[in-house]
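Let me put the model up.

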Amino acid sequence: MTSYINHPLLKKDAIESRLYQQILAGDVLKKGNTMVVAPTALGKTIVAILVAADRLHKVKNSKVLVLAPSKPLAIQHEASFKEFITLPCSSLTGAIKTDERIKRWEESRIICATPQTVESDLLNGRYDLSNVSLIVFDECHHGVGSYSYVYLASRYVQESKFNLILGLTASPGSDKFKIKEVCENLYIQNIVVKTEDDVDVKPYFNPVEIEWVRVKMSSEIEKIKKHVDKALKVRLKALKNMGVIKTVSVGKVDILKARGRIQGEIARSTNPDKDLFQAISILSAVINIQHAQELIETQGIQTFNKYVARLRKKKTKAAKSLMWDDNFGRAVKLAKNAEKNGWEHPKLREITKILKKELGESDGQTKLKTSRFDDKSDESSSKIMVFTQYRDTLEMIHQKLEKEGIKSAKFFGQATKDGEKGLTQKEQKAIIKSFRMGEYDVLLSTSVAEEGIDIPAVDLVVLYEPVPSEVRMIQRRGRTGRKRTGRVKVLVTNGTRDEAYFWSSIRKEDRMKNQLIDPEVLEELNASAIERMDNEKKVKVLDKPKSKGNRPIVYADSREGNSKVIRYLNEIEVDVKINSMAVGDYQVSDEVAIERKTTKDFVESIMDKRLFKQARELSEEFKRPVIILEGDDLYNGVIHPNAVRGSIAALALDFRISIIPTRNAQDTAYMIKRIAIREQKGEKIPIQIRTDKKPVSLMEQQLFIVESLPNIGPVNAKNLLSHFGSVSNVFNASESELQEVDGIGKKTAENIRKVIESKYLYFEKEIKEKKLL
């Protein structure tokens, strides 16, 4: 007989009583900030719900914040918490308007959100974390680098009156230092690991059977690969002769290290040797060829051909040299003929064979083994997912399956790539719903469905290729075995990168498991987290925030929303206001706007000719424009240092723009604060934010001036100018004359005359200040 958990805030007979979940929840409540590592489908969300219920019950009027890396996952968590907990719950994502987000935060006790949305709201002062008694970081392995989880954890520890942190993941990674970084960033003091082999877990765990399906490369592909290999070998020999590499037996990592080394030499030299630039060009070509190798070996002819088509459009020396190369050219010609003749990668035939066998065949028509269309519930439907790395390969598989009469749906991200629009969130939901209802036999997906997408009861997962990341392998595998025994088939092309990736993921996963159960490693991680937590608490006590009235104001462009600079500005007591700005990234006064450029972006903007267009706009819009140049690798070898020097000279002399170097994002934030303090002189001054660029034509300038009047938009401005004939006549018109114009009422007319006739209040003050100076 099934028993259920009883709790004042849990719905009756809602959560099945599983001892291991209750023990995990108890450990979190007893030991403090905890990372729970457990395979997918073991109910980590239930653990979070149990902890949340306890915190909400004991810490009166507090809130619980559940963070997830994607919108669908955040909404999925909202549904789960609503299903089990009696308190108000809602979701916050970027798709929800600002006012509605504030309302939901105030009215809800449980908030499920994407971290970027919460970060943006906190930076804009819409709410704070002071009364959050628990924060849950789902897929907490994302908590590295500049990801929003890192900032939110730090802010939570400083703001919350009673903080508790819970991290959930199936795969924290194999690198001990990455695991340590996650623990430090999220203040994790305790790691609890549950595996499918644990005695208390086994009764609830559905095993996943993994089969490695090996395929032999076809003779047609081997011929293409042979010519690609020759093109690569020629360049590797050239690099060896130049002393850039020691041996021609190198991988992608070795080439990337070599490129970094050469870029460093160029950066350190005032007049670099031409051979260094030649080496950079060859190294770039090698990277392109290595990618082409991978595509032809592990993906297919169509995917290779599409990559070549994109290479043709590039104007770099490396890309052009490949198009002129005899060996590479022969490979391209053979691949074109192969596609015309309908030759395929053996994987494509193998995957078709697997799916046909799985779905069953009758009278030449593919049909399902289960009665899916008679009973469309999740329990009765046999579902198959196919994962692949590349969108091009996804399209190739889709076309093949359609020809074979297998209904498949393509599922990929929201980004537009090579002219193909991404799927909107609404479209993604519709595809998942159709798949769940049995309208498709197979769901074809890129990495976007590796984590967080609610696709229950997938019986078979087919991986078109292994991936070298143990995290991604675990996530892909976790799509199956949720309600019954799961199966995974991984296609491996013999003698190719597939084999290397296969062994790499296995080694990394074993290393991850060993590190997570190593007492010394756990002790080291916990000690580090506790030390950082103590330091944050000291900072919290010592660094009492100044009143907002004394803070300098910095307006930041909305495109800088995820920049680390805004986080640092917020931390160093700058009042940051985010606006949509037509020119510049930051504005600190009417006269001073700041364009922030990393050294990489600066060099790229020289190459694509954006730099001087931006400079012209800055100098036209602002009296004293500034460009902050962030980073210490300005001369990185992509273009000659003299081109960089010439561009900086032109900015300073031709456009009269001040160039200020900074080391990193934190240094940039301090510099912006210092400029703001200097400009504002400790006073709150009104700043006119440029949301539109200054007009160019005479008519545009006239409209721009009239539109600046109160309650006057583009339509009314046009009506006023049409009626009075000039800006001067508009400004000289009386209230009664203004009201003769369609759309101008008494109140608007009064406000216009008030603005025009009122004395400038700061006039006398300015005169006094000038005398003092």
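Arg 101 counts as buried, at 7% relative accessibility; buried means under 20% relative accessible area, exposed over 50% and partly exposed in between, with a 1.4 Å probe and protein chains only. This is a predicted model, where local features need pLDDT of at least 70, side-chain atom pairs count only at pLDDT 80 or more, and totals for chains, interfaces and linings use all residues. Residues are numbered from 1 along each chain as its sequence is written, and side-chain values use heavy atoms, with hydrogens and water left out.

Arg 101 forms a salt bridge with Asp 121, with 2.7 Å between the closest N and O atoms. A salt bridge here is a side-chain nitrogen of Lys or Arg within 4 Å of a carboxyl oxygen of Asp or Glu. Asp 121 is buried too, at 0%.

Next, Arg 567 and Glu 119: their closest N and O atoms are 2.5 Å apart, in a salt bridge. Arg 567 lies in helix H20 and Glu 119 in helix H5, so this pair ties together parts 448 residues apart in sequence. Helices (H or I, at least four residues) and strands (E, at least two) are DSSP runs, numbered from the N terminus. Arg 567 is buried at 6%, and Glu 119 is buried at 0%.

Which residue meets Glu 211 in a salt bridge? That is Lys 489, at 2.5 Å, N to O. The two sit in strands E8 and E15, 278 residues apart. Glu 211 is partly exposed at 39%, whereas Lys 489 is buried at 15%.

Finally, the count comes to 34 salt bridges. Glu 591, Lys 623, Arg 624, Arg 678 and Glu 679 are linked in a network of them.
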